[in-house]
Amino acid sequence: MQKSYFFCGIGGSGMMPLAQIVAAAGHQVAGSDRALDQGRTAPKFETMRSQGIALFAQDGSGLISPDQIVVASAAIEATVPDIVRATELGCARLSRAELLAELFNAALANIAVGGTSGKSTVTGMIGWIMTQAGRDPTIMNGAVMKNFHGGARVGGGGIFVSEVDESDGSIALYHPEIAVLNNVAVDHKSMEELRALFGDFLNRAKSCVVNADNAEALAIAPDNALTFGILADAKLRASDIVERADGVDFVVVDRRSGESVPARLAVPGRHNVSNALAAIGAATLAGVPLPEAVVALASFSGLRRRMELVGTTKGVTVIDDFAHNPDKIAATLTALHAFPGRLLLFFQPHGYGPLKLMGRELADSFIANMLPDDRLIVSDPAYFGGTVDRSVGSDALVAMVGAQAEHIAARPEITARLTGLAQSGDRIVVMGARDDTLSTFAAGLLDQLSTS
């Protein structure tokens, strides 16, 4: 039966692909977004319109019937006009996670990917393997997958692959056949809460894949878990790792079968070796032969904003990256420092709340992974309105990092500073999350460098 859904905040990285999946399944879909009202990131909204999704101002005008089901993230406040109007009409309400879990749990087979870091990449890798293997999966990703030109893929094969989120506790809604746990580290919640959420997640699954290189993940792994790792004594291991500027080569050793298969990735960094092992492990549990899974990953082209090359001009390279928590920052800087060149880092904290929660951990990650010549410029945190506590700002992070860091609030001054510092051989890295304009900023830096 066709239903009518209205997505409040439809442009969000978790909302847009879900809306696309629901629309492709034949339901009526409409939505609104504050960024649309502000004239930001027009291309993705045009994409949705071309898919038959109606877009409205976030003023309540898109809600006209009590039969509409309103889908909104936890970040949407009750005072938003759409929510006020939905309440007046008596519309049913679902969170993004509740709707996704409903679709995911109803699938004939499903694979859920959890963890503090790497979820989107592993989800994309599994989805690509399953697609190449002819399994025709539905894929829900919070990032744009280059192989699929979007954050979602609608398939007819009965298998659903999705990343699942622990930040709001919604990971508890999912009942996976196969659960993947990349890692457990501080981000949105305390370690005690994370251990409980991820432990329950693994125990609900029929089988699971767990990163043995991450002590916290390994500590909560069931005895029958398929472990993977680079450093650890795992069931699925990587050996003979050779990093390239545009990827990495290694050998996959499967101790279950005794197979050893050479692998070649087109995405760089040792962290992507770990991501690949997680994806290969899940695919083999789903019945894909190891050699077939490894071959498929050779043509995986990665995700938008994951160490994405914007361009090079006058010997200076600009890179756009999603790194926003301590683990992601460490992975990005480690991968980039495998090759020579100074790093000029721009970091926009992804909110005042996260900065307050993990400011010390963010600072420690920068301190541990920057080389003496690197420089860090921190802008004010991403903020799109609302009542969030703004008592802890970016100046506190800069003070903890020390002399290699400076706080510059606004982007015009940041652009001038970065382009003034840049010399041939440098790499400028734009880092942050929850703000689509970061990619525009990165492209603008490249343009400014080319004309200066």
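Helices here are DSSP runs of H or I with at least four residues, and strands are runs of E with at least two, both numbered from the N terminus. What we have is a predicted model, in which local features need pLDDT of at least 70 and side-chain atom pairs count only at pLDDT 80 or more, while totals for chains, interfaces and linings use all residues. Residues are numbered from 1 along each chain as its sequence is written, and side-chain values use heavy atoms, with hydrogens and water left out.

Let me begin with Asn214, which sits in the loop between strand 11 (207-211) and helix 8 (215-219). At a relative accessible area of 15% Asn214 is buried, where buried means under 20%, exposed over 50% and partly exposed in between, with a 1.4 Å probe and protein chains only. Setting aside residues up to four places away in sequence, Asn214 touches Asn182, Asn183 and Val184, contact being heavy atoms within 4.5 Å.

I turn now to helix 11 (residues 326-336), whose buried residues are Pro326, Lys328, Ile329, Thr332, Leu333, Ala335 and Leu336. These pack against strand 13 (236-244), helix 9 (270-285), strand 17 (316-321), strand 18 (343-348), helix 12 and strand 21 (427-432).

Next come the salt bridges, defined as a side-chain nitrogen of Lys or Arg within 4 Å of a carboxyl oxygen of Asp or Glu; by this rule the count comes to 20. In one of them, Glu166 pairs with Lys119, the closest N and O atoms being 3.7 Å apart. That pair links distant parts of the chain, since Glu166 lies in the loop between strand 9 (159-163) and strand 10 (178-181) and Lys119 in helix 6 (residues 119-132), 47 residues apart. Glu166 is buried at 2% relative accessibility, and Lys119 is buried as well, at 11%.

Arg305 forms a salt bridge with Asp320, with the closest N and O atoms 2.9 Å apart. Here too distant parts of the chain are linked, with Arg305 in the loop between helix 10 (290-297) and strand 16 (308-313) and Asp320 in strand 17, 15 residues apart. Both Arg305 and Asp320 are buried.

How do the two ends of the salt bridge between Arg256 and Asp254 stand, buried or partly exposed? Their closest N and O atoms are 2.9 Å apart; Arg256 is partly exposed at 40% relative accessibility, whereas Asp254 is buried at 3%. Finally, Arg244, Asp246, Asp249 and Arg264 are joined in a network of salt bridges.
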